[in-house]
Amino acid sequence: MEGFPSPKHLLLLLFTAALLLVSLSLRSFPTIRSLSSHRLSLRGGSTGTDAAGETMHVHKNPYHPLDPLTYNEIKTIRSILASHPDFASPNTFPSIHSLSLLEPEKAVVLAWRPGDTLPPRRALVVACSANHTHVLPVDIASRSVLRHVVRVRPAGYPSLTPEDMERATKAAAAHPDVINAVLYRGLNPSSGVVCGPLASGWYGPEEENRRVIKVQCYAKSPNFYMSPVEGLTVTVDVDTGGVIRVSDQRLGIPVPRNRDTDYRYESQRRMPTTEAVAVNPMSMEQAGRPSMRVGAGGHAVRWAGWEVHIRPDARAGMVMSRARFRDPEDGGAWRDVMYKGMVSELFVPYMDPGEGWYFKTYMDAGEYGMGTNAFPLLRLNDCPRNAIYMDAVFATADGNPFVRPDVVCVFERYEGDVAWRHTENPMSGYDIREARPKVTLVARMVASVGNYDYTVDWEFQMDGLIRVKVSLSGMLMVKATPYGNLSQVPEGEDLYGTLVADNIVGVVHDHFVTFYLDMDVDGPSNSFVKVHMETQETAPGESPRKSYMKVVREVARTEEEAKVKLKLYDPSEFHVVNPSRLSKLGNPSGYKLVPGATAASLLDLDDSPQKRAAFTNNQIWVTPNNRSEEWAGGLLAYQSHGDDNLAVWSQRDRKIENEDIVLWYTMGFHHVPCQEDYPIMPTVFSTFDLKPVNFFRINPIIRAAPYTEEDLPVCSGVDATL
């Protein structure tokens with residue numbers, strides 16, 4: 001989480017395709033500008049919504065118990081809160097930090113069928129006023145607040161609102177010490193400076209009992225991230241707008257002003273084109289109509305035996321629910337696979353302990369929101385031509401609804417991969433050559449959390465496998481340095497990163513993406529099994545072999561037994577099974593978690609950032625299903641102390657055998673920057689799979705048909721002559 005916090009909100013939020021900069025009248029320094037958000041998120045009525053799109057949502061109703069709150073429902077909730085005794089006039093209406101669907105109990109959702117009356121529609125509201133945090137479940141039909149929990153000076157707060165960030169940034173930019181610091185660095189006021197708010201983490205007494213934010217500045221440019229004003233950090237009290245401290249180290253480091261940082265096509269198209277990027281446009285065309293079907297509410301999708309409910313979410317970005325598969329060998333019966341899957345938290349610590357960097361240990365979901373930082377996807381570039389799109393309806397800080405279009409896309413994909421194949425050697429006497437194309441269904445959202453862009457894909461395959469992919473791109477978070485070549489760096493000096501351009505160091509950092517996976521394999525009662533592989537020596541004279549690999553299965557009875565740190569030379573498979581659903585061969589029905597390339601945190605366990613992000617201490621956790629335990633960093637992640645997170649919950653060591661359980665998996669990236677990451681990074685990614693294991697009787701796509709030329713659309717001829 002690198003850059004600037006969430007959306008900006010003035011009287012009316014202005015949506016732009018690039019940055020939102022607000023001029024501040026600052027006496028003799030009028031061109032210091034305020035970046036409305038860490039990560040330039042927009043929130044409000046004008047966040048990309050056209051009048052027709054908003055009108056459409058005004059008339060939209062929910063069709064499924066898990067459909068997101070509608071435009072009118074959010075308006076109703078706002079009205080309910082305004083009449084609540086604690087918030088009604090003459091009391092002050094609170095600032096709304098989160099307003100999301102409060103899902104019905106799982107048993108209610110599982111019992112519901114299309115055409116049934118919807119269960120009561122409810123919302124969970126998290127609000128702030130005068131250093132009090134309010135948590136309120138609201139029933140829409142009865143227009144009532146079901147409960148009102150007030151937390152006074154809690155050890156953690158909800159994410160910042162646009163007003164919070166605007167107030168803090170203006171206070172910092174107007175401070176005389178900040179103006180002098182900018183002038184000292186030789187920046188001409190007419191060239192402009194942008195300043196933005198950054199989450200402060202939690203480091204003790206200075207941050208205790210008040211909401212604190214850091215503000216840093218950059219020289220104005222299209223890629224301002226590459227022009228930091230190094231050594232200047234302002235600490236601001238969010239609630240009062242008072243400047244607590246201005247740290248101006250005056251390190252004598254010039255502001256980098258390299259001329260090759262503009263990555264926009266309008267700039268790059270004027271540069272000479274190399275053969276490496278001279279590729280003609282491509283698109284996948286599909287014969288006939290799309291194979292997927294979308295339900296009346298616009299969120300339930302059916303495709304190739306799969307049914308899944310997809311909804312945008314302000315915090316998680318995108319929530320996948322009720323994923324189930326129609327078993328071709330079981331009379332076409334629907335079989336449950338996963339009740340709910342989503343990004344629960346994203347921890348991004350930077351590895352520079354210096355004054356202007358030590359606090360940069362972000363939690364992107366809990367401090368900023370993956371969904372509130374998801375902007376309209378770029379058609380034909382973020383998603384292919386055959387994609388369908390879903391809008392999001394979120395709430396502003398004053399509780400009113402707004403529509404953000406095209407934040408999720410869903411599409412069928414064929415990349416030339418093979419679903420299964422075999423060619424028989426002619427020596428066998430059989431002339432067999434069989435192959436089947438691999439087509440998948442992808443649900444995608446992209447969160448642009450400041451300088452970083454996170455693409456999250458949920459890919460459903462015809463053989464029952466679910467692949468989750470997280471891709472990273474965007475800009476490095478860099479620090480300015482006086483050095484233009486490594487030969488200038490004194491021996492023993494730690495740059496805390498890589499010199500990627502003149503006077504620019506890309507700072508080493510990590511990304512840890514923690515997923516919440518409520519697996520319901522053939523029903524809610526499941527067990528977690530470690531399938532351990534170990535070396536077994538043969539007995540003397542037993543075999544010419546001295547050893548072989550033996551498989552040992554161990555069912556985890558409690559949370560402690562299910563904690564896993566991945567080890568290459570101590571391998572296991574990780575199965576979620578239904579012990580009550582056995583195949584004819586006696587194997588329990590199951591799915592296994594298959595980790596891809598990953599990384600583990602190297603921070604000290606007693607380091608404050610690691611305490612807050614202790615959910616990354618293991619790659620795998622298993623907990624009993626508990627509706628209050630969905631966010632790995634805690635419900636209130638901003639300035640949290642680490643006393644309400646996955647690691648703390650799991651210390652209770654509760655029973656998990658043959659229970660309704662949740663599987664947690666953390667995907668990790670170590671990022672040591674390189675020159676190729678400048679000025680914008682090529683995409684890198686990692687994946688994990690949820691793969692059926694003894695779930696089907698046989699390969700479920702054995703009857704899939706091969707393609708022939710007659711099956712495909714007729715396109716123009718191809719001339720690949722050199």
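Predicted model: local features only at pLDDT ≥ 70, side-chain atom pairs only at ≥ 80, totals over all residues.
1. Basis of the model. Local features need a pLDDT of at least 70 and side-chain atom pairs count only at pLDDT 80 or more, while totals for chains, interfaces and linings use all residues. Residues are numbered from 1 along each chain as its sequence is written, and side-chain values use heavy atoms, with hydrogens and water left out.

2. Overall make-up. The protein chain has ten helices and 33 strands. Both kinds of element are DSSP runs numbered from the N terminus (helices: H or I, at least four residues; strands: E, at least two). Of the 722 residues in the chain, 54% count as buried. Here buried means under 20% relative accessible area, exposed means over 50%, and partly exposed lies in between (1.4 Å probe, protein chains only).

3. Contacts and surface. A contact means heavy atoms within 4.5 Å. Among contacts between residues at least 6 apart in sequence, 70% join residues at least 24 apart. The chain exposes about 32,100 Å², of which carbon and sulfur atoms supply 52%. Such accessible areas come from the Shrake-Rupley method with a 1.4 Å probe, and for residues only the protein chains shown count as cover.

4. Strand β14. This strand spans residues 306-313, and eight of its eight residues are buried. In a regular strand the side chains alternate between the two faces of the sheet. On one side of β14 are W306, V308, I310 and P312, and on the other are E307, H309, R311 and D313; both faces are covered.

5. Neighbours of β14. Two strands pair if DSSP finds at least two bridges between them. Strand β13 (residues 300-303) pairs with β14 in the antiparallel sense over four bridges, and W303 stands opposite W306. These two strands form a hairpin with two residues between them, and A304 in the turn has a positive phi of about 45°. On pairing with strand β15 (residues 317-327), β14 is again antiparallel, here over seven bridges. W306 stands opposite F325 in β15, and the hairpin of β14 and β15 has three residues between the strands.

6. A disulfide is a covalent bond between the sulfur atoms of two cysteines; the rule applied here is a pair of cysteine sulfur atoms within 2.5 Å. By this rule the count is two disulfides. One of them joins C195 to C217, with an S to S distance of 2.0 Å. The link is right-handed, with 95° about the S-S bond. C195 lies in strand β8 (residues 193-199) and C217 in strand β9 (residues 212-219), so the pair ties together parts that are 22 residues apart in sequence. C195 is buried at a relative accessible area of 1%, and C217 is buried at 2%.

7. The disulfide of C383 and C409. The sulfur atoms of this pair are 2.2 Å apart. C383 lies in the loop between α7 (364-368) and β18 (388-395) and C409 in strand β19 (residues 401-423), so the pair ties together parts that are 26 residues apart in sequence. The torsion about the S-S bond is about -85°, so this disulfide is left-handed. C383 and C409 are both buried. With the bonded cysteines numbered in sequence order, the pairing is 1-2, 3-4.

8. Two further cysteines. C128 has 10% relative accessibility and counts as buried, whereas C674, at 30%, counts as partly exposed.
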